[in-house]
Amino acid sequence: MPAILTWLISWKTLAAILTLAIMSFLYKENPFYRFAEYLFVGLSAGYGFAMTYHLAMKPNLLRPFIIPLLQRIHILGGEPLPINWWYIIPTFFALCYLSVIVPKYSNIIRLPFAFLLGLGSGMAIPRSFQAAILEQLWDTILHPKGYHGYVDMSEKYGWSLTLVVVSAIIIFVSVLAVLAYFFFSKPHKGAYGKFARFGIIILMIGFGASFGSTVMARFSLLIGRLMFLLSWISGFPH
Amino acid sequence: MANNEKKTTTFLEKIGQIPRFWIYLGLLVILMLPLILRIKAKPRMGMETKMVYDFIDSLPPGSVIMLSFTYGPSARPELEPMALAIMRHAYMRGIRVMGMTLSVEGTGLGLEAMTRVAKEFEEAGYPLTYGEDWVYLGYKTGWAMVIRGIGGDFHETFPRDYYGNDTRKMALTRDIQNYDDIALVIDFASGGSPGSWITYAYQQFDQKVAAGVTAVMGADWQPYIRTGQLVGMLNGMKAAADYEAKTIEMMEKRFGYTPKPYATVGIVSVTWAQIYLIILIIIGNISFFALRRRRRR
């Protein structure tokens with residue numbers, strides 16, 4: 001087969017055409033874009049289902065419970081597999097999800113939801129409170145624990161301790177100012193109003209930094225596709 | 001005078017309404033130029049990146065680190081170069097690497113990244129052995145349960161690797177009981193998974209955790225560095241480029257082998273594009289304020 005034909009009939013060429021089809025949306029809405037979009041959605045769903053079946057359902061439900069069970073009631077043949085009866089509980093919960101198909105029994109879905117919510121809350125609330133609130137609070141209010149962190153950072157990276165502490169004070173004041181902005185029980189007037197105004201400025205600075213990072217992230221993704229297109233073009237037989 | 005004012009206004013109106021096509025075309029040219037000309041940046045490692053680098057550098061040879069590839073194809077250009085760079089660094093220090101993912105989409109991407117670095121080392125004349133130097137555990141459903149599970153009994157959570165090998169029999173995983181035997185977990189994430197690693201692995205088991213995140217999420221995880229909940233963080237393509245440049249330099253010195261650069265090339269395009277965008281924002285603002293002033297008159 002001629003080299004040019006091999007290049008043309010390849011997965012890479014197909015991927016490049018689909019990439020260009022998606023990018024064509026920048027010009028305007030068109031059938032090529034729609035086709036590529038639908039194909040992407042369909043493939044993603046199919047891939048996700050297949051992977052979940054093979055990597056989650058098969059090893060965690062079918063092999064340890066469903067297949068051995070079907071073997072025991074002689075629906076499936078083959079070498080008998082050991083059965084783990086404990087799996088009857090998650091299997092029951094999994095089947096409960098299907099109850100929505102029959103409106104009369106759809107209330108049963110509350111069982112797995114209740115179980116999951118209870119389990120999730122029990123697991124997450126104490127740890128999340130510690131991780132996302134207490135630890136952050138110590139750091140913000142210059143708790144000795146947070147201060148040791150500043151000393152460590154200052155020593156490790158050769159920063160002036162004064163600079164590190166000043167930045168911590170800025171964070172502390174900024175947090176208070178932002179909280180003041182969102183505290184509506186007191187009118188935003190006079191000194192308090194100015195402090196709340198400082199809070200909104202801090203928020204805007206934060207949003208600006210996030211926007212800059214977001215732009216960088218989106219460009220990075222675009223560059224990923226552009227690099228792919230360049231590697232595809234560079235593969236063109238000379 | 002009136003004629004002059006009319007001309008100025010027309011110009012301001014025009015620059016405020018540049019057609020979308022020309023803006024995108026300009027962006028495309030700016031993004032493509034550094035890629036075509038292969039202009040490489042000479043990045044300087046930021047503090048958060050250096051914290052991760054220093055931590056890995058301080059680990060004794062033979063230590064085990066775990067990488068979590070919790071991202072999909074959409075975040076790949078940002079996160080994969082980080083993962084590649086960290087693996088190169090680890091292998092050069094004699095540190096062994098386990099890979100896993102909490103996201104179905106990350107299954108193939110994680111395997112591809114790990115295989116790619118193994119291939120690089122083979123080409124460099126320093127072949128790595130699967131099962132001894134690196135292991136890929138694949139996808140495990142359950143998110144928080146998996147993270148907690150590793151802290152309880154590693155082998156119960158991951159009885160088999162991605163290829164179906166028994167983790168109790170493989171040289172790398174044989175002696176790993178729980179987090180006590182894992183020096184560091186690095187989560188490459190396009191979502192909120194670093195929060196789960198912090199909440200369950202760090203808070204509950206005191207496991208050292210680092211994160212590699214997309215630039216969009218960087219600001220969300222920064223507070224966790226100073227508190228020590230994260231040992232460091234790789235934030236977006238900038239951090240990827242910093243780390244990549246360092247590891248490429250290390251491989252060139254040690255093996256005389258140059259891995260294909262990715263982030264170090266991409267970051268130049270990102271920088272140019274950011275400048276382009278800032279210029280557009282300034283132009284847009286000048287136009288907006290000038291027109292508003294005119295309307296008020």
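Burial in chain B comes first. Of its 297 residues, 48% count as buried. Keep in mind that this is a predicted model. Along its principal axes, the C-alpha trace of chain B spans about 90 × 45 × 30 Å. The secondary structure of this chain comes to twelve helices and six strands. Now the contacts in chain B with a separation of 6 or more. Residues 24 or more positions apart account for 74% of them.

On to the core. In general, nonpolar side chains in soluble globular proteins tend to be buried together. Here the largest nonpolar core has 92 residues. Which residues have the most contacts inside it? They are B:I65, B:M82, B:A83, B:I86 and B:L230. Helix α4 of chain B, residues 76–92, gives this core its largest share, ten residues. Both domains of chain B take part: the core draws at least three residues from each of domain 1 and domain 2.

Stay with B:I65 for a moment. Set aside its neighbours within four places in sequence. B:I65 is then in contact with B:A90, B:I95 and B:V97, and also with B:I182, B:A183, B:L184 and B:I186.

Strand β1 of chain B covers residues 64–70. Is β1(B) mostly covered or mostly open? Mostly covered: six of its seven residues are buried. β1(B) pairs in the parallel sense with strand β2 of chain B, residues 96–101, over five bridges. In that pairing, B:V64 has B:R96 of β2(B) as its bridge partner. How does the chain get from β1(B) to β2(B)? Through α4(B), in a right-handed β-α-β crossover.

β1(B) has another pairing. With strand β4 of chain B, residues 184–189, β1(B) pairs in the parallel sense over six bridges. B:M66 has B:V185 of β4(B) as its bridge partner.

Now the contact between the chains. Chain B puts in 38 residues and chain A 36. On the side of chain B, several elements each supply at least two residues, among them α2 (20–37), α4, β3 and α8 (193–205). The list also includes α11 (236–255) and α12 (263–296). Which element gives the largest share of that side? α12(B), with six residues. By class, the side of chain B that touches chain A has 19 nonpolar, 16 polar and three charged residues.

Last, two backbone details. A:H74 is not a glycine, yet its phi is positive, about 60°. A:H74 is found in the loop between α3 (31–72) and α4 (88–97) of chain A. Why does A:H74 count as exposed? Because it has 7 C-beta neighbours inside 10 Å, and the cut-off for exposed is 12 or fewer.

B:W143 is the other case. Phi of B:W143 is near 50°, again a positive value in a residue other than glycine. B:W143 lies in the loop between β3 (134–139) and α6 (144–152) of chain B. With 16 other C-beta atoms within 10 Å, B:W143 is partly exposed. The reason is that buried needs 20 or more and exposed needs 12 or fewer, so 16 falls in between.

Note on methods: Residues are numbered from 1 along each chain as its sequence is written. Chains are lettered from A and ligands numbered from 1 in the order in which they are written. This is a predicted model: local features need pLDDT of at least 70, side-chain atom pairs count only at pLDDT 80 or more; totals for chains, interfaces and linings use all residues. Helices (H or I, at least four residues) and strands (E, at least two) are DSSP runs, numbered from the N terminus. A nonpolar core is a set of buried Ala, Val, Leu, Ile, Met, Phe, Trp, Tyr and Cys residues joined through C-beta atoms within 7 Å. Domain bounds come from an automatic or database domain assignment. Two residues are in contact if their C-beta atoms, placed from the backbone, lie within 7 Å. Ala, Val, Leu, Ile, Met, Phe, Trp, Tyr, Cys and Pro count as nonpolar, Asp, Glu, Lys and Arg as charged, and the others, Gly among them, as polar. Two strands pair if DSSP finds at least two bridges between them. A crossover is right-handed if, with the strands pointing away from the viewer, the path from the first strand over the helix to the second runs clockwise.
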